[in-house]
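Open the model in a viewer and keep the sequence panel beside it. The stops below are given as selections, each with a note on what is there.

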Amino acid sequence: MALMSVNSVSMSFGGPLLLDKASFQVQPGQRICIVGRNGEGKSTLLRLMSGDLVPDSGVISTQKGVTVARLSQKVPEVLNGTVFDVVSEGLGELGNALAKYHRVSTEVANGGDVSKLSEIEDIMEQHGGWNAMTTIEMVISRLSLNPETRFESLSGGLKRRVLLARALASTPDILLLDEPTNHLDIDSIAWLEEFILKHIKTLIFITHDRMFLRRIATRIIEMDRGKLADWTCDYDTFLKRKEELLDAEEKNWSEFDKKLAREEVWIRQGVKARRTRNEGRVRELEKLRSERSQRREKTGTAAIQIQEASRSGKIVAETENANFSWDDKPVFKDLNVTIMRGDRIGIIGPNGTGKTTLIQVLLGNLRLNSGKIKLGTKLEISYFDQHREQLDPDKTVRDSVADGNDVVTINERTKHVMGYLKDFLFPADRANSKVRVLSGGERNRLLLARLFTRPSNLLIMDEPTNDLDAETLELLEDKLMEYPGTVIIVSHDRAFLNNVVTSTIVFEGDATVKEFVGGYDDWLRQKPKAEKENKPKTLKAAKEEQPSLAVRPKKMSYKEQRELDLLKEEMKNLPAQIETLEKEIGTIQELMLDSEFYRKSAQEMAKTKTRLAELESEHEKTFERWEEVESKLAKYRS
């Protein structure tokens, strides 16, 4: 039985319908991702499902007793108290008891009256409060939050993290998450994936993080021009089927437009049309005109162009035993990094470790405590700020890009500012809006539009992917791959890092910073073995662990003897197969460790990475067969 039903729901805010008689059901255990371009109404749909909005028409019904929790993109202003208080409030009355117990137990730990705990402990015992307390403490800890900090004092990003903890800890029957990975570092995102897979029953979410989407989603609902398309498949299958559907739609529309053009020619013959008195054909033409006028064209793709400056010097930046501290707390120490012209560097690490600080050092805004930093010659730097502080909220969109001018110049070509903004998917009415009314995705696109009007040969981008839809993300990736200058990117988007960067600077904790060749997945492969939680088994290790294959002679049936002979023969061949696979895998990994590999075309790099993934998959399957054969042989041993 469906937990929730959306029946013929329509919704509009004065413009085109965001939802046009949309219907679908949510079944227990499904993890549904809502996808679509920025502005299609994805967040509105979640607000409708949570009951925060009422639809213009249609009904959303929830099965009796089903609980729903939602993480919003916007932080409510009415919340106050400690982080623990705000998180526990998501559990209703039990949450109030948990918050009270937390406060009293803290007082007792500091010498307070122990008797005050007894009444609260009874409530906890009756309502399963101990399990809930464990969950709350775990979620707060894993999201790197301090339970005693006042919620009001936190930054916007940290407040969203508290609200995510609140939604997760409430363990509702249906959890609604709007961009849950925003403001999370890579380790926190990996933990969130595991928590959802293990603890969340039914999930409906919106995300721009393609790796998160691929890992979590079991069903995809696409919002496109007011309509919903339901796809019960993984994300990659959805992309393939969607492309086929769009091709078919384009073909059908082309045939429709040709038919309409023929009928328009016919009606303009005028006298002949009236003489034949073909009223049915006239009515059909009116119907075609009406259908064409109601057609909603698919939103275009942003036409991003990056304005290029003259080439910089060969060395862009170089540090030698560089050290930086905040109030005697080391941020990085003994950092030795050389960034060459054309490099695309990713910077990753837990929140608060110093990624943005390193960027400010490279920009010359902060001075090292010790060591040296040398910036290259002829540098023209464009900086993308993750907090959008470069945007004046009281300026219009067009003035933010053109500083009051009517035209912008991109790569020596002059273009009207309204046309330029249209390339970044800002229609005329939106181009004249104030920055303060823009959504997160629109602000990101505006900052990119502003950034790319400035000539540069060094792009420094701090979290550029937040709130961008998948199509714009992929286009940005392509443009950065084509950009002849140098790119330095701070990002938690693992797919983005894999697709763009040539090497990765990693903050590993304790002010230790190391550089690795390649993107996120390449870094995982190069991490020290002690850090890998699931160290892959090798043939050498397997041989050392493998018991003797000697089998004591005993009386067996013909069938048993035949099976034993086949197993022994297969066991002889499997090691050679595994060794061959490991050798080829090693060859490719060595190739990918060479910085020259990342100067190849995107197609060559993708082909090599695909081959490596195929070999690793085959290696794993062959190893599983090794263990299966070993298990069968074991039954013949004494």
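**Before selecting**

This is a predicted model, in which local features need pLDDT of at least 70 and side-chain atom pairs count only at pLDDT 80 or more, while totals for chains, interfaces and linings use all residues. Residues are numbered from 1 along each chain as its sequence is written, and side-chain values use heavy atoms, with hydrogens and water left out. Helices (H or I, at least four residues) and strands (E, at least two) are DSSP runs, numbered from the N terminus.

**Stop 1**

Select strand 1 (residues 4-11) and strand 2, which run antiparallel and are joined by five bridges. Two strands count as paired if DSSP finds at least two bridges between them. Within this pair, Val9 stands opposite Ala22 in strand 2. The open sheet here has three strands in the order 2-1-4, with antiparallel pairing. Strand 2 (19-26) and strand 4 are its edge strands, each pairing on one side only. From one strand to the next the twist averages 15 degrees. Axes are lines fitted to C-alpha atoms, for helices over the stretch in contact, and angles run from 0 to 180 degrees between N-to-C directions.

**Stop 2**

Next, show the open sheet of six strands, ordered 5-6-7-3-8-9, in which the pairing is mixed. Which strands stand at the edges? They are strand 5 (68-71) and strand 9 (227-231); each has a single partner strand, so one side of each is left without a neighbour in the sheet. The twist in this sheet averages 15 degrees from one strand to the next. Zoom in on strand 8 (residues 219-224), which pairs with strand 9 in the antiparallel sense over five bridges. There, Glu222 stands opposite Ala229 in strand 9.

**Stop 3: helix 1**

Contact means heavy atoms within 4.5 Å.

**Stop 4: the recorded binding site**

Select Gly36, Arg37, Asn38, Gly39, Glu40, Gly41, Lys42 and Ser43, which UniProt lists under "binding site" in an unreviewed entry. Such annotations may be inferred rather than shown by experiment, and their positions are given in the numbering used here, with feature names shortened.

Lys42 belongs to helix 1. Is Lys42 buried or exposed? Lys42 counts as buried because its relative accessibility is 11%; buried means under 20% relative accessible area, exposed over 50%, and partly exposed in between (1.4 Å probe, protein chains only). Beyond its neighbours within four places in sequence, Lys42 is in contact with Ile34, Val35, Gly36, Arg37, Ile206 and Met223. Its side chain reaches the backbone oxygen of Gly36 at 2.9 Å.

Ser43, also in helix 1, counts as partly exposed at 25% relative accessibility. With neighbours within four places in sequence left aside, Ser43 is in contact with Gln73, Asp178 and Ile206.

**Stop 5**

Gly65 sits in the loop between strand 4 (57-62) and strand 5, and is exposed, with a relative accessible area of 65%. Draw a C-alpha to C-alpha distance from Gly65 to Asp173: it is 9.1 Å, for residues 108 apart in sequence.

Most residues other than glycine have a negative phi. Ser144, which is not a glycine, has a positive phi of about 55 degrees and lies in the loop between helix 5 (129-142) and helix 6 (156-169). Asp334, in strand 11 (residues 329-335), also has a positive phi, near 50 degrees.

**Stop 6: later helices**

In helix 12 (residues 355-362), seven of the eight residues are buried. Gly364, which follows helix 12, has a positive phi near 85 degrees.

Move to Ser400 in helix 13 (residues 397-402); Ser400 is buried, with a relative accessible area of 1%. Not counting residues up to four places away in sequence, Ser400 touches Leu391, Lys395, Val435, Leu446 and Arg450.

Finish at helix 17 (residues 470-482), where the buried residues include Leu473, Leu476 and Leu480.

Note on methods. A polar contact is a pair of N or O atoms within 3.5 Å; within protein, one must be able to donate a hydrogen and the other to accept it, and residues adjacent in sequence count only if both atoms are side-chain atoms.
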